[in-house]
Amino acid sequence: MDMSLIAFQTVVVLIAALLAPLLSLLYFRRVRLERPALGVFNTRDIALILVFILSLPFLYLILPSWVLTGMLALTFSTALYIALRPFLRPLYLWPLVAILLVGDIVVTRTLMGTTQGWQIYWVFNNVIVLCAVVGISNLYAQGGMRMRQVVWFSFILGAYDIFFDLVIPVSAHLADRFHGQPLDAAMGWISGSYSANLGIGDILIFALFTISAYKGFGRKGLFAAILTVGLFGAIMPSFSPLVILPLVRGGVGITIPAQTFFGPFAVLTYYLLRRTGPERSMAQWTSAEVAEGYEPIRVTRRRRAVAPVAAPSLAEAGSGQGD
Amino acid sequence: MFETGIRQFRMAMAMMWGWHIKPRIIEHMVADALKTLEEFGSAGDDVQQLLDGPFADPVARKEYQMRMVQHTARRLLRRSPYYSKLFAANDINPDKLTLENISRIPITRKEDLLEQPQDFLCSGVQPAMSTRTTGTTGRPAEIWLSKYEIDLWPALAALSGLLRGELLPNDCWQVNISSRATAAIQINATIARLTGIRISMLGIIPAEESLDALSSGDERAPTLLATYPSYLAQLVKEARRRGLSPDSFRLRRIDCGGEVLSQALKRAATETLGPALVNDAYGMTEILPMGARLCNQGHLHHDLNVGFVEVIDLESGQPVAPGELGTLVITPYYPYRECMPVFRYDTRDIVRNLPDEPLTCDLAGIFATSTIQGKASNLLRVDGRWVTTRDLVEVYEALPSHPWPARFSARAVGDHIEMVVSEEALDQGVTRAQIERRYQERGLDVRIVDCVTHEQDVIQLRPLRTDLLETTFARRT
């Protein structure tokens with residue numbers, strides 16, 4: 001194994017693995033997303049997302065390239081809208097989204113083949129994926145997703161990753177399929193003959209893990225999360241090809257199941273944190289933030305027509321009784 | 001969150017198109033609301049619109065009302081013997097009903113319900129439970145409810161209570177309403193079951209016992225009280241007699257209904273029992289779950305999601321002009337009333353139409369009238385103007401003698417009102433002349449012609465719901 005490649009890979013993955021969670025956390029503390037009147041993110045929602053995530057790679061493998069690009073464009077534009085809506089009016093937001101997505105597609109079609117072309121491609125791609133992760137992780141976390149759910153989500157994805165890496169090598173095919181495609185669902189970089197990237201699923205889990213750890217357990221949760229993500233989400237997987245030969249594929253197009261390494265440690269971290277006290281709810285976290293003088297700088301408010309719930313006032317029903 | 005979204009969508013579709021609503025869906029939504037409150041401490045951003053509907057837009061409101069009125073009338077034509085006869089006799093085609101020509105349908109009065117109750121029962125619906133009006137203003141009417149209604153109403157009320165912050169999961173609710181008000185009792189008990197709050201159903205027992213329950217239990221003492229204004233008056237008097245102050249209670253809200261609640265009594269309840277809000281809501285057995293609630297400016301806002309509201313002139317039967325008095329005529333929509341529904345029911349509850357200008361209160365998007373001014377049967381015609389029960393009660397209960405609840409009888413004699421008052425009104429050195437002067441300051445020529453001292457005579461002056469006293473053994477020991 002080329003140690004320089006490992007070092008390059010470690011730096012790229014570490015940056016991707018930590019930058020997105022820290023930006024997501026900053027967003028979480030300062031921006032309030034719109035919340036539906038009723039509903040909390042629950043285990044059944046996670047099961048639904050899991051089914052979606054588990055089946056999507058197979059779709060990606062069989063879909064024609066233009067359909068795949070279309071689906072990714074739709075997914076990313078929605079995620080970008082969620083993330084940027086608190087800062088921009090739709091008049092400016094949609095053109096910006098279009099510039100980013102079309103720019104990525106144009107660069108992929110016209111500038112690939114040179115290192116500079118690849119680097120421009122990754123700049124576009126990284127900005128898109130970063131914004132998408134910040135938006136989606138906040139949508140879930142601000143919707144009530146708890147750390148306990150995140151770590152078990154990660155654990156299940158870890159099992160999925162290892163199965164489809166070692167038993168049925170779908171992940172490697174998927175990496176090949178996305179390589180050089182517009183809107184690659186990953187953050188990465190290229191330098192000379194070295195190239196490395198980290199998939200959006202892993203980045204999303206790291207962001208969710210960090211936010212929910214901070215929300216649930218405060219500063220000690222944040223410290224534990226950063227340490228766990230850095231060590232077991234970035235560094236350990238990056239070094240794993242040195243010892244786990246099946247991941248190497250002869251040194252070409254290495255695919256590493258990051259969640260397989262991260263998931264068990266995420267679960268362990270959660271249960272260690274739980275021993276220090278109960279996980280805080282959004283309401284408790286918000287109260288603590290207000291007590292510390294932190295107020296959101298942006299709050300999404302969108303008026304829209306909602307069909308009403310015909311609900312008589314408690315008082316009307318409770319004490320009303322005619323003559 | 002995904003499931004909740006689906007439930008909300010199903011509920012919304014049922015509401016908008018008048019489909020049968022599965023109570024189980026609403027019960028699940030109550031559970032969703034509890035989880036939302038546990039996680040976030042409050043409901044989400046669209047909650048107000050979710051509760052009150054998109055009725056700030058007059059066009060949307062009118063379109064919804066017309067669709068629901070037609071839908072309800074069509075069902076009554078098919079299922080209700082009374083209304084199929086009434087519609088046939090008046091050549092009413094539900095498909096051609098509009099909000100403008102709805103007055104072609106004769107109003108339904110309580111007497112109609114009393115005379116032919118069987119004709120109001122819809123075919124194909126199994127009556128499950130009957131409830132009687134309390135009968136304080138006449139013979140009680142019996143209303144039958146289906147299991148669907150018994151399940152649906154409390155689920156809706158529980159959801160609304162949680163989302164509006166009227167109920168908190170750690171609340172304790174003391175209910176002092178007549179045990180014979182079975183619909184309200186049933187609703188309250190089910191609301192408590194669905195939301196997990198503690199409930200204490202005491203009924204109309206001696207005020208001393210209720211006050212004991214209100215002021216004991218420390219952290220587990222009641223935080224909500226549901227009662228009638230006249231019974232609230234008894235509680236306030238007893239609390240003052242014992243020298244209790246707001247520190248003795250944990251109440252955060254009192255919900256009153258069924259009688260006129262005066263500003264003076266409201267103020268006294270706040271000062272003595274300490275709740276942040278004394279709510280004067282409107283509801284009636286015959287039109288449940290239709291009701292109305294007060295805004296921060298004292299208007300009565302009617303829930304247009306579940307029924308159609310008209311304010312009509314007592315004599316002409318036509319809609320009254322802004323600022324004028326009229327009787328509330330209410331049509332609860334299907335799917336909220338199933339078993340024994342009424343159409344254009346004349347409640348005989350008097351309200352004043354608000355002036356024709358935009359509202360600026362916290363419920364400005366919802367249709368409103370004045371508060372209930374009293375029953376039509378108690379209106380007095382004096383010197384060409386109507387005098388309502390509220391006109392008289394507001395002055396009477398504001399007297400320095402604190403004669404709560406107001407016990408008097410009044411009758412119009414020519415250009416003035418003759419009043420018989422209770423001895424209690426003349427306590428604290430208050431004289432008949434002073435009472436008359438207070439009424440004069442409000443533009444009412446009132447003359448006190450007699451004063452009643454004997455307790456039974458005092459009660460006969462103005463029977464109130466607090467008189468529906470239920471005996472207990474507690475005071476015998």
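**View 1. Strands β12 and β13 of chain B pair up.** Strand β12 (residues 325-332) of chain B runs antiparallel to β13(B), and 5 bridges hold the pairing. Here strands are DSSP runs (E, at least two residues), helices are DSSP runs too (H or I, at least four), both numbered from the N terminus, and two strands count as paired if DSSP finds at least two bridges between them. One bridge to look for links B:I330 with B:Y345 in β13(B). This is a predicted model, where local features need pLDDT of at least 70 and side-chain atom pairs count only at pLDDT 80 or more, while totals for chains, interfaces and linings use all residues. Residues are numbered from 1 along each chain as its sequence is written, with chains lettered from A and ligands numbered from 1 in the order in which they are written.

**View 2. Strand β13 of chain B, covered on both faces.** Strand β13 spans residues 345-352 of chain B, and 8 of its 8 residues are buried (20 or more other C-beta atoms within 10 Å of the residue's own; 12 or fewer would be exposed, in between partly exposed, with C-beta atoms placed from the backbone). One side shows B:Y345, B:T347, B:D349 and B:V351, and the other B:D346, B:R348, B:I350 and B:R352. β13(B) also pairs antiparallel with strand β15 (residues 374-375) of chain B, through 2 bridges. There, B:I350 has B:G374 as its bridge partner.

View 3. Domain 1 covers 2-148 + 284-374 and domain 2 covers 375-467, with bounds from an automatic or database domain assignment. Their C-alpha centres sit 34 Å apart. The contact draws on 11 residues of domain 1 and 12 residues of domain 2 (contact: C-beta atoms, placed from the backbone, within 7 Å). On the domain 1 side, β12 and β13 of chain B are the elements giving two or more residues, and β13(B) gives the most, with 3 residues.

**View 4. Helices α3 and α4 of chain A pack together.** Helix α3 (residues 65-84) and helix α4 (residues 90-110) of chain A pack at about 145 degrees, axes 10 Å apart (axes are lines fitted to C-alpha atoms over the stretch in contact; angles run from 0 to 180 degrees between N-to-C directions). Among the residues that meet are A:F76 and A:L80 from α3(A), and A:L96 and A:L100 from α4(A). The α3(A)–α4(A) contact has 11 nonpolar, 2 polar and no charged residues (nonpolar: Ala, Val, Leu, Ile, Met, Phe, Trp, Tyr, Cys and Pro; charged: Asp, Glu, Lys and Arg; polar: the others, Gly among them).

Methods: Two residues are in contact if their C-beta atoms, placed from the backbone, lie within 7 Å.
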